[in-house]
Protein chains: 2
Amino acid sequence: MYTKGLHIMATFKVDNTALLSNYAPFKELVNNLIITHQLSNVGDTYHSFPEFGFTANVCLTESHLSIHTWPEYGLATFDVFLSNFKNDNSQKVTQIFEAVKTFFNAEVEQYNAIER
Amino acid sequence: MYTKGLHIMATFKVDNTALLSNYAPFKELVNNLIITHQLSNVGDTYHSFPEFGFTANVCLTESHLSIHTWPEYGLATFDVFLSNFKNDNSQKVTQIFEAVKTFFNAEVEQYNAIER
């Protein structure tokens, strides 16, 4: 049976625009979270925009992570979705969301959690 | 000002499991949609699982597309999110969702649309 996974979407308000401008620290965080939570990265893209911000997608065997940053507005939209095909990963989704929120020292401007 | 973009998430019920098993036709569709809607692909991952299905993430300057397929259950979870930073892309999001639904000849088992 297909068991629905948890998808958390958040808009973060971030004062530290350096963290929204350069993807290297975020990429390091994500790579550490993937190890910690025993996920599998099957391909990722990290792309810096010429003027402001970056965008990234991390394709996991368990589903995906994504971020789009807007340093000029102090905002980032973040997604983490893990399927529950082999294990119940819902707690990992929440833990990853919390870790990313903490990393950015973010205020959560919008939060949506969907089981799908 | 940051203008919220539309993010559509759908779970598709699909009878044609061949389309859920081999990513090549879906990749061709996505590449055509990117041209049609004048979007910019800055990096994508298409990954086939050894047993069943595939997963894909397409990182766009305008945000992202993703799919995870479960041919063994006749299901796919699909996302399209385009920001409205430079243009109002909401109509494109709806058109891409409809095109993917048509491609799979899918029944929509779950649908969520979020402005974010």
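The model is predicted. Chain A comprises 3 helices and 6 strands, and chain A can be laid on chain B with an RMSD of 0.0 Å. In chain A, 23 residues are in contact with 23 residues of chain B.

**Overall form of chain A**

- Along the sequence, the elements of chain A occur in the pattern β-α-α-β-β-β-β-α-β.
- The C-alpha atoms of chain A occupy a box of roughly 45 × 25 × 20 Å along the principal axes.
- Of the 116 residues in chain A, 43% are buried.
- Considering contacts in chain A between residues at least 6 apart in sequence, 53% join residues at least 24 apart.

**Relation between the two copies**

- The superposition of chain A on chain B requires a turn of 180° and a shift of 0.0 Å along the axis. The two copies are therefore related as by a two-fold rotation axis.
- Both copies use the same surface, since 100% of the contact residues of chain A recur in chain B.
- Among the residues of chain A, N57(A) comes closest to the rotation axis, with its C-alpha at 3.4 Å.

**The side of chain A that touches chain B**

- Contact between the chains involves 23 residues of chain A and 23 residues of chain B. On the chain A side, at least two residues each are supplied by β1, β2 (41–48), β3 (54–60), β4 (63–70), β5 and β6 (107–115).
- Strand β4(A) provides the largest share of this side, with 5 residues.
- By residue class, the side of chain A that touches chain B consists of 8 nonpolar, 14 polar and 1 charged.

**Helix α3 of chain A**

- Helix α3(A) spans residues 90–104, a run of 15 residues. The distance from its first C-alpha to its last is 22 Å, close to the 21 Å expected at 1.5 Å a residue.
- V93(A), I96(A), F97(A), V100(A) and F104(A) are the buried residues of α3(A). They lie on the same side of α3(A), because they cover an arc of only 100° around the axis.
- The elements that cover these buried residues include β1 (6–13), α1 (17–21), α2 (24–36) and β5 (75–82) of chain A.
- On the face of α3(A) turned away from the buried side are the exposed residues Q91(A), E98(A) and T102(A).

**Residues with positive phi**

- Just after α3(A), N105(A) adopts a positive phi of about 50°.
- In chain B, N105(B) likewise has a positive phi of about 50° although it is not a glycine. N105(B) is located in the loop between α3 (90–104) and β6 (107–115) of chain B.
- N105(B) is classed as exposed because 11 other C-beta atoms lie within 10 Å, and the class extends to 12 or fewer.
- S63(A), which is not a glycine, has a positive phi of about 140°. This residue S63(A) belongs to strand β4 of chain A.
- S63(A) counts as buried because it has 27 C-beta neighbours inside 10 Å, where 20 or more are required.

Terms used. Residues numbered from 1 in each chain as written. Chains lettered and ligands numbered in written order. Predicted model: local features only at pLDDT ≥ 70, side-chain atom pairs only at ≥ 80, totals over all residues. Least-squares fit on C-alpha atoms with pLDDT ≥ 70 in both. Contact = placed C-beta atoms within 7 Å. Helix = DSSP H or I, 4+ residues; strand = E, 2+ residues; numbered from the N terminus. Expected span 1.5 Å × (residues − 1). Arc of directions from axis to C-beta. Nonpolar A, V, L, I, M, F, W, Y, C, P; charged D, E, K, R; others polar.
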